[in-house]
Amino acid sequence: MRRIKAISYILVIALFFVNCSIIIADTFYLDVFGHWAEYTILWATNEANLFNGYPDGTFRPDDYITRAEYIAILYRAAKEKKVINDNAMTENKIDYEVVGKGTDNTDVNKESEENKSIITDNSTNVTSNKYTLHYEDLSSDFWAYKEILPVAEFIDKYSVNLKFKDIFPGNKFEPNKYITREEATILSSFFTTLPIEEKTKEFIDIKPNYKYFNIIKKLVNNGIIEGYEDNTFRPYNNITRAEAATLIKRVYYDMDYLMNEYLNDIEFIDYTLDDNFSLFGNYSDRKLDDKDILYKKAVSTLEYISLMGYIPFEEQHLYLKEPIKVIRELKKDGYYNVVGINYYLIKFGNVSEEEKQKLLVELLDNYQLRDDIDDNESLLIFKECLNHNIEVDKLMKNLDKWYVSTKEDMTKFNIQFIKSKVYVNKGYYEKAIKIYEQDLPNTDNIEILKNFIMNKAYLQYKMNEFENAESVLRDGWEIIKANKHYLLDKDKYDKEFIGAIKRVLMVQSEYYLRIIQH
């Protein structure tokens, strides 16, 4: 019995320390345990740090939230995701309590109830383009003004048919009024992307003639709103703190698709990340002379400085004091490795763009004569060439040489991707797209397949062939899903294809809107 008691005491003590570590790591609210939005609330307050709880340790999930509070939280999310980037604004950490549920909120935030004059002096505005909000009860000294203003400005700047004042009409904003589900949803819609699929769900209290019908439909299709179990949306109900946290969380993650650079450029497989300091030649299977040793030491010195920022005093005797000076001297002495010498002069020699062009031409001429440059080194060379205005024919000639010399299928496809990037840099999209006219590569290498699909879609979307780009992405996504390696990194591939499709849809929408406007 004593042994059982001892074990019990040990377990209690262990649980105490486990619970203490949880409390130290996160804040847990007494009134959210078992609540339907428990985990979302913990995410919103701890992980995302968008909401605040109360000093008494509660969150009050079923209380309502005001217009000012909801917009301030929406602003935080947009600022965190860099959807709103108002560098001219001063940082303003909000520390406030949210009012509880009730019918009378006239006592809330009394300071804000003292009506301020209408904003007419542009010098009081905090954004760079002197955007103003004309509400009698909203002035620059209101606690949430610096959050409300950029949200309203963002909406007015990027929305065509609907403005901030359409959502909150009249001369008064009433910042301490509880926000409705409709208002919160419409506000949030400006910070979401277009959906990539149609859903059949409809709300019984939302009819086609409802003024926000299309926006609600878009958000349903996008998985942003779901409604209630009885298939209602209840647009005019006030939104609770738990519902607000749920809505904000979905918007927060959808913002990733707004800001991440999907379909931003030609992609190729980069296998040089761990080997950016190559010797550009075979230095292991032959006897090295003094110049070889000096060159190797110069490269290792540059690598050390690049990684560490400096060379510690106790190791300085092992490295060169002026590696670039040594490389210049080797070049002057006619050292054979023009590829390596010129590469490091371009990267670290502090030379003009004109001199870099000459060095690259010399490098490529020497590359044509060499048979000891491996695939990693070749990729480094051509990645550097893409940063400069090198003659297309010269680049293609050298890329063809690399293509013939390599034995790796992945490298051969990589060379094709690089060729298309060369054409893109010159604006030759028609030539670039021809590289992808063949059928999909006959390989199970998922990275090759993904890059081929993404690159083809990128070129089509850049050429305003939006429907073709969308079709390539949707069909390609299904091919990727069928690949045996897909499940190993499912979330990554799904996010890439969803993001790419969304970008095509959004650019297409903006493109046709501009055509209509002009």
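The legends below describe close-up views of a predicted model.

**Figure 1. Overall composition of the chain.** The chain holds 20 helices and 0 strands, taken as DSSP runs (helices H or I, at least four residues; strands E, at least two) numbered from the N terminus. Of its 518 residues, 48% are buried, meaning under 20% relative accessible area with a 1.4 Å probe, protein chains only. Residues are numbered from 1 along each chain as its sequence is written. Local features need pLDDT of at least 70, side-chain atom pairs count only at pLDDT 80 or more, totals for chains, interfaces and linings use all residues, and side-chain values use heavy atoms, with hydrogens and water left out.

**Figure 2. Surroundings of helix 2 (residues 38-47).** Helix 2 is largely enclosed by the rest of the structure, because 7 of its 10 residues are buried. These are E38, T40, I41, L42, W43, A44 and T45, and they pack against helix 9 (241-259). Just after helix 2, N49 adopts a positive phi of about 55°.

**Figure 3. The largest nonpolar core.** A nonpolar core is a set of buried Ala, Val, Leu, Ile, Met, Phe, Trp, Tyr and Cys residues joined through side-chain atoms within 4.5 Å. Among the 81 residues of the largest one, I381, F382 and L473 touch the most other members. Helix 18 (residues 446-462) gives the most to this core, with 10 residues.

**Figure 4. Contacts of L473.** Neighbours within four places in sequence aside, L473 is in contact (heavy atoms within 4.5 Å) with L263, I453, M454, A457, F497, A500, I501 and V504.

**Figure 5. A second core.** This separate core of 66 residues includes F59, I179, A184 and F213.

Technical notes
Buried < 20%, exposed > 50% of the residue type's maximum accessible area, 1.4 Å probe, protein only.
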